[in-house]
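Here's a quick briefing to read with the model open beside you. Have a look at the fold first, then work through the points below.

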Amino acid sequence: MKILHRYLLKQVLVTSLAAMVTLTLIVLMFDAFKRLTVLLIDNDVSMGTILYMMILLVPQALTLTVPCGLLTGIVIVFGRMSHSLEITAIRAAGLGLIPFIAPVILLSMVMSLFCLYNNAVLAPQAMTRFKLMFIEMAKENPTAFLRAQEPVTRFPGMSVYVEKKYGNTLEGIHIWKLGENGIPETSIRADRGIISADLQDMSLTITLLNARQEDRNKKDTTRLDQIETGMKAAQLPIKVSIRDMLDTTRLRDNITILPIDEIRGRIFGNKGNEPNMIPLLTEIQRRMVFSLACFTFALVGIPLAISTGRKETSVGCVLSLGVAVSYFLLVLVAMAFKDNASAYPELIVWLPTFLFQGLGFWLLAKVNSHPV
C-alpha cells in the first residue's frame, strides 16, 4: 500500500504543480501585463522593479490557481488510471478505494491550510505593498493615474476615458461630470489634450484642445433624448484633485487587501466606528471558502474522474475548468449580497461549499459501491 500511495502522490503532485505554474503564468499575463506595461512605458520604471511588482501579484493569483491546479492534477491522474484499468486492478486485489485515495484527500487538506495562510496573510500583504509602490510612483509622476483605454473613476465627481496616451499628450478624451447620484450631468469630448501635474497642490490639469460639451436635463438626467449641445472651446483646462488618491491611509478602506487579523480586530474591537460589519464578516467567510476549495475539489474531482475514465489531458482540463468555474461563480453570486444584511451573505457564501462537498461525498459513495 505504501508503494501505491507514493506512486499516487507523485503523480498527483507533479501534474498539479505543472497545472498550478501554467495557470499562474496565464493569470499574471492578463493581470500584470495590463497593470505594469503602462508603468514601464510611461514612467521609465526599471525592469527589476517591474519583476518585483509581478512577484507581488503572485499570491493573489495563487488564490485561484492552487485549487484549480490541484483539481486539474487530480482529474487528469485519476482519469488516466481509470482508463488504463489501474483503479480496477487495485480494487480487484482487495484494496478499498477510500484507503487508496486517502493520501490525496490528506494532501488537499494540507493545500487548503496553505491557501488559508495565503488568503489571510500573504496575498493581502503583497497587494498592499503593490498598491503602496504604485502610489509612490504616482507621486513622482502623477500623470500615471491616467492610462489609455482604461476608465478612471477615482477622480472626485468625474469619470475620464482616454483612447491614446503618448507621454503627457492625450488623444480621444472623454470626460463625464457626475451628479450626486453618480449619473453624468455633463459630457465633454476633445480630440487632443495635454496633462500636467502640480505636486504641491496635489492636482492634475487636463488642457483640452477643441473641446465640445453636452449637457443633460438638470431635472431628469436619465432623459437621453433631451441632451443639449453646450459650449465649445479651443482650449479648456480642467483641474482634478488627486489628494485622496495619494493618501495611503485610504488603503484600509479596501477590506479585500486587509490581513484577516486586522479585519477580525475591526469586528471585535468595534466601538461604533463600523456602522455595517456585514461586509467584514462576509470577507472573512469568503477567504475561508476559497481556502477550502482544495478539499472540496478533491472530493468532487476524484469520483468524477474515475467515473468518466478518460485519459486525454484536454478532457481533464475542460472538466476541471467546468467544476472550478461553477464553484467560484456561485461564490461570486453569493458575494453580490455582501451589502444586504437581510440576505445573510456571511452564511450564503458557504452554500457552494456545502453543495459541492455534498455532491463529492455522494459521488464517492456511488463510485465506491460500484462493483469491480
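Among contacts in the protein (heavy atoms within 4.5 Å) between residues at least 6 apart in sequence, 66% join residues at least 24 apart. Keep in mind that this is a predicted model, where local features need pLDDT of at least 70, side-chain atom pairs count only at pLDDT 80 or more, and totals for chains, interfaces and linings use all residues. Residues are numbered from 1 along each chain as its sequence is written, and side-chain values use heavy atoms, with hydrogens and water left out.

**Overall make-up**

- The secondary structure comes to ten helices and five strands; these are DSSP runs numbered from the N terminus, with helices (H or I) of at least four residues and strands (E) of at least two.
- Of the 372 residues, 44% count as buried, where buried means under 20% relative accessible area, exposed means over 50% and partly exposed is in between (1.4 Å probe, protein chains only).

**Helices α2 and α7**

- The axes of α2 (residues 47-83) and α7 (residues 293-308) come within 8 Å and cross at roughly 20 degrees. Axes here are lines fitted to C-alpha atoms, for helices over the stretch in contact, and angles run from 0 to 180 degrees between N-to-C directions.
- That makes α2 and α7 roughly parallel to each other; the cut-offs are under 35 degrees for roughly parallel, over 145 for roughly antiparallel, 65 to 115 for roughly perpendicular, and oblique for the rest.
- By class, the contact of α2 with α7 has 15 nonpolar, three polar and no charged residues. Nonpolar covers Ala, Val, Leu, Ile, Met, Phe, Trp, Tyr, Cys and Pro, charged covers Asp, Glu, Lys and Arg, and the others, Gly among them, are polar.

- α5 and α6 (residues 278-291) pack at about 150 degrees, with their axes 10 Å apart, so they are roughly antiparallel.
- α5 passes α6 in a left-handed crossing.
- Ile260, Ile263, Arg264, Arg266 and Ile267 of α5 meet Leu280, Leu281, Glu283, Ile284 and Arg287 of α6. These divide into six nonpolar, no polar and four charged residues.
- Threonine 256 sits in the loop between β5 (228-241) and α5 (260-268), and at 38% relative accessibility threonine 256 is partly exposed.
- Leaving aside residues up to four places away in sequence, threonine 256 touches Glu283 and Arg287. Threonine 256 and glutamate 283 are 27 residues apart in sequence but 7.1 Å apart in space, C-alpha to C-alpha.

**Aromatic pairs**

- The whole structure has six aromatic pairs: rings of Phe, Tyr and Trp (its six-membered ring) with centres within 6.5 Å, called stacked with planes under 30 degrees apart, edge-to-face over 60 and tilted for the rest.
- Tyrosine 327 and phenylalanine 328 have ring centres 5.4 Å apart and planes at 80 degrees, so they pair edge-to-face.
- Tyrosine 327 also pairs edge-to-face with phenylalanine 356, at 5.3 Å centre to centre and 85 degrees between the planes. Tyrosine 327 is in α8 (residues 313-335) and phenylalanine 356 in α10 (residues 351-369), so this pair ties together parts 29 residues apart in sequence.
- Tyrosine 327 and phenylalanine 356 are both buried, and phenylalanine 328, at 10% relative accessibility, counts as buried too.
- Phe290, Phe297, Tyr327, Phe328 and Phe356 form one aromatic cluster.

Methods:
Left-handed = near helix turned anticlockwise from the far one by under 90°.
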